[in-house]
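My notes follow the structure.

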Amino acid sequence: MSRTKKTDVKGLQAGLLGWFDRHRRIMPWRAAKGKRANPYHVWLSEIMLQQTTVVTVGPYFMKFIGLWPTVGDLAAAKLDDVLTAWAGLGYYARARNLHKCAQAVTSLHGGKFPADEQTLLELPGIGPYTAAAIASIAFDRPAVAVDGNVERVVSRFLNIEEPLPLSKPSIRDGAAMLAAGNPRPGDFTQAFMELGATVCTPRKPRCGLCPWQQDCKARKAGNAEELPRKLPKKAKPAKFGKVYWITNAKGQVMIQKRTDKGLYEGMYQLPTTTWLTDKKAAAGLGLDFLQDKGAKALGASVKHSFTHFDLNLEIWQYSGRATKLPAGGVWVYPDELGGYALPSLMQKAVRLAAGAAG
Ligand code: SF4
């Protein structure tokens, strides 16, 4: 890319690395200045940080390295325990892949993460971004990791008006041009992301604090806050259903393990009807295994947004005649629910149902 000269790139890299040395944030998975990071910590944090913020990830990261100090320990853990520890972080396929990846690193690589991007890419749950992040941050290999923060910085620095996702190739080229030949690949990757996370923020970028302000094209054009542009999102379909707070005479509540492949596989839920796009049809559904018609709506509902649809579940209560357990069903006392892998949708449902049912 000829938009920035080679000599200018060296100056930009030095500016960004100097800024990072002064302003780097302390994070539990980040090595101290001048020290090499632990590849297990880098990998774990990168998987957790996908779709989630640094603040949310912190306690989960500490919990995981407390329970499983090495990748071998995580590989030997039961999947159920990993899912339980992950509960609330969302996107549960990541937790299953995390476990598979730990097992692959242990069995194929003797418990050591490979250092090169290509070999990393062959591991479960590691895509191009994560492979580049691990290769550079953990092993100081030249690699360009483009996350949402880097996309924003590059779009603005080069004033790329084309909307995402069409602009991804140009952004990638721009990021590669800005990173090429830098002397500290691991720090550079982190600095690039950190600039986007703390200075070149989605709203009100703090250009006055930016080490690249002199050369930034969007700052000069006055349109930084409008970038990156995005193609309008398609409206998501809505789905409807009912979720049940079913209690027995001992005060236990029924939860059920999901055995079907796909969404929430292997996790626990409050029993729920099939989720349908037809609201009226969804309202007519119930649970086959309840032995009488004594279920009643609690007048509350839980909403959740998935990648491909929005969900609205009405909360129902049932404390009628003893009912036989459905497949995967277990009775647990409400204060034991924390020991089960309940996705955040179901945790919300539990809070609402327990509150409304009194
Ligand atoms: Fe972002 Fe402003 Fe820096 Fe440009 S000058 S990269 S818009 S913070």
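The entries below go from the whole chain to single residues.

**Basis.** I am working from a predicted model, where local features need pLDDT of at least 70, side-chain atom pairs count only at pLDDT 80 or more, and totals for chains, interfaces and linings use all residues. Residues are numbered from 1 along each chain as its sequence is written, and side-chain values use heavy atoms, with hydrogens and water left out.

**Whole chain.** I found 14 helices and 6 strands (DSSP runs numbered from the N terminus: H or I of at least four residues for helices, E of at least two for strands). The C-alpha trace spans about 80 × 50 × 30 Å along its principal axes. Of the 358 residues, 48% are buried (under 20% relative accessible area; exposed is over 50%, partly exposed in between; 1.4 Å probe, protein chains only). I also looked up charges: 49 side chains are positive and 29 negative, and the centres of the two sets lie 3 Å apart. Lys and Arg count as positive, Asp and Glu as negative, while His and the chain ends are not counted; each charge is placed at NZ of Lys, CZ of Arg, CG of Asp or CD of Glu.

I noted a volume of about 1300 Å³ for the largest pocket. Its lining has 47 residues, and Y129, D147, G148, N149 and M193 are the closest to its centre. Helix α11 gives the largest share of this lining, 6 residues; α2 (39–49), α8 (128–139) and α9 (148–157) are among the elements that each supply at least two. On a 1 Å grid over the protein atoms alone, a pocket is an open set of points with protein on both sides within 12 Å along at least five of seven lines; in a cavity a 1.4 Å probe fits but cannot get out, and lining residues have an atom within 4 Å of a point. Points are joined across faces, edges and corners, and a volume is the space filled by probe spheres set on them.

**Cavities.** I counted 2 cavities of 30 Å³ or more. R156, C200, C207, C210 and C216 are the closest to the centre of the largest cavity, among 14 lining residues. The volume of this cavity is about 120 Å³.

**Backbone.** I found a cis peptide bond between L164 and P165, with omega about 5°, and P165 is in the loop between α9 and α10 (168–179). Another cis bond joins L227 and P228, with omega about -5°. Q51, not a glycine, has a positive phi of about 70° and is exposed at 61% relative accessible area. Y264, also not a glycine, has a positive phi of about 60°, but Y264 is buried at 6%.
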